[in-house]
Amino acid sequence: ILGRAHFRHLVLKVSPAVLIPRPETEELVDFALDILRVRPLWESLSPDPPVSSPELSGKVAGLSQQEPLIADVGTGSGAIALSLAAESGLSILATDMSAEALTVAAANRTAAGLDDRVELRRADLLANIAAASLRMVVSNPPYVNGADLAALAPDVACFEPLTALDGGEDGLSVIRRLIPEAARVLLPGGTVLLEVGHDQAAAVVKLAEEAGFALTRTRKD
């Protein structure tokens, strides 16, 4: 109704072209930041990587000039990518299939002053991203199954893009493609973080193990 939504420290423009960001997705950003505190990305950069800081303040010299090592897949309004860039100081690659969604994300990127830190790219998931080139993949993919999709409340079904919600008959059609793609583009030791449905964790863990991920963990929001 208002054309804007609050997400973490940002006020984002939203439209019928993008999913309205949910509070639960803020926890996905928290999880990503927690991992970056334990395993800072600049430990792997060369030559002469910057000295790590105990806080992700966005003030680590030179980080924003590096090629993105983190991808936000299906960025929509840009909520995840912009929050990670603003709160970590790192460069982020944000992909989406929808040109309309990317237009909204671009407006939000400029409003947040992050034009130099977030790269927007129209792509199907992680298509055309080089193998073994990233350290982290983050996504809130479509995961609503067919039965639940048919029962969505009008305030969702009539005002948000079904492509951002529809996960196919079992809710896993996009995740089933995304996890192997993440395994392809991640460097050894890389991490993929996904928001999934409340009853999908076990199935997604199995998909991750089949794709070659050695360690899996689930967290209830």
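Is arginine 184 buried, partly exposed or exposed, and what is its relative accessible area? In this predicted model, arginine 184 is partly exposed, with a relative accessible area of 32%. Its salt-bridge partner is glutamate 181, and the closest N and O atoms of the two lie 3.1 Å apart. Glutamate 181 is also partly exposed, at 23%. Both residues sit in helix α6, which spans residues 173–185. They are 3 residues apart, and about one helical turn separates them.

The structure holds 10 salt bridges in total. Another of them joins glutamate 87 to arginine 8. Here the closest N and O atoms are 2.7 Å apart. Glutamate 87 belongs to helix α2 (residues 79–88), whereas arginine 8 lies in the loop between β1 (4–7) and β2 (10–13), so the pair ties together parts that are 79 residues apart in sequence. Glutamate 87 is buried, with a relative accessible area of 16%. Arginine 8 reaches 21% and counts as partly exposed. The cut-off for buried is under 20%. Glutamate 87 and arginine 8 also belong to a network of salt bridges that includes Asp30.

A further salt bridge links arginine 109 and aspartate 115, with closest N and O atoms 3.1 Å apart. Arginine 109 is buried, at 18% relative accessible area. Aspartate 115 is partly exposed, at 41%.

Aspartate 96 presents another case. This residue is in strand β4, which covers residues 92–96. Aspartate 96 is buried, yet has no salt bridge. The nearest side chain of opposite charge belongs to arginine 122, 7.4 Å away. A salt bridge requires the nitrogen and oxygen atoms to be within 4 Å. What, then, lies by the side chain of aspartate 96? Two backbone nitrogens do. That of threonine 75 lies 3.3 Å from a polar atom of the aspartate 96 side chain. That of glycine 76 lies 2.9 Å from a polar atom of this side chain. Threonine 75 and glycine 76 are also among the residues that aspartate 96 touches, leaving aside those up to four places away in sequence. Gly74, Ala101 and Leu102 are on that list too, as are Arg121, Arg122 and Ala123.

Beyond residues up to four places away in sequence, threonine 25 touches Phe7, Ile80, Asn140 and Glu195.

The largest nonpolar core has 27 residues. Which of them touch the most other members? These are Ile70, Leu84, Ile92, Val118, Met136, Val138 and Leu193. At least two residues of this core come from each of β2, α1 (23–38), α2, β4 and β6 (134–139). Helix α1 gives the most, with 7 residues. A second, separate core has 21 residues, among them Ala71, Val73, Val137 and Val174.

Helix α7 (residues 201–210) has a buried side and an exposed one. Its buried residues are Val204, Val205, Leu207 and Ala208. Seen down the axis of α7, these fall within an arc of 160 degrees, so they line one face of the helix. Helix α6 and strand β7 (186–194) are among the elements that cover these buried residues. The face turned away from the buried side carries the exposed residues Ala202, Lys206 and Glu210. Just after α7, glycine 212 takes a positive phi of about 105 degrees.

Terms used. Residues are numbered from 1 along each chain as its sequence is written. This is a predicted model: local features need pLDDT of at least 70, side-chain atom pairs count only at pLDDT 80 or more; totals for chains, interfaces and linings use all residues. Side-chain values use heavy atoms; hydrogens and water are left out. Helices (H or I, at least four residues) and strands (E, at least two) are DSSP runs, numbered from the N terminus. Buried means under 20% relative accessible area, exposed over 50%, partly exposed in between (1.4 Å probe, protein chains only). Lys and Arg count as positive and Asp and Glu as negative; His and the chain ends are not counted. A polar contact is a pair of N or O atoms within 3.5 Å; within protein, one must be able to donate a hydrogen and the other to accept it, and residues adjacent in sequence count only if both atoms are side-chain atoms. Contact means heavy atoms within 4.5 Å. The arc is that of the directions from the helix axis to the C-beta atoms. A nonpolar core is a set of buried Ala, Val, Leu, Ile, Met, Phe, Trp, Tyr and Cys residues joined through side-chain atoms within 4.5 Å.
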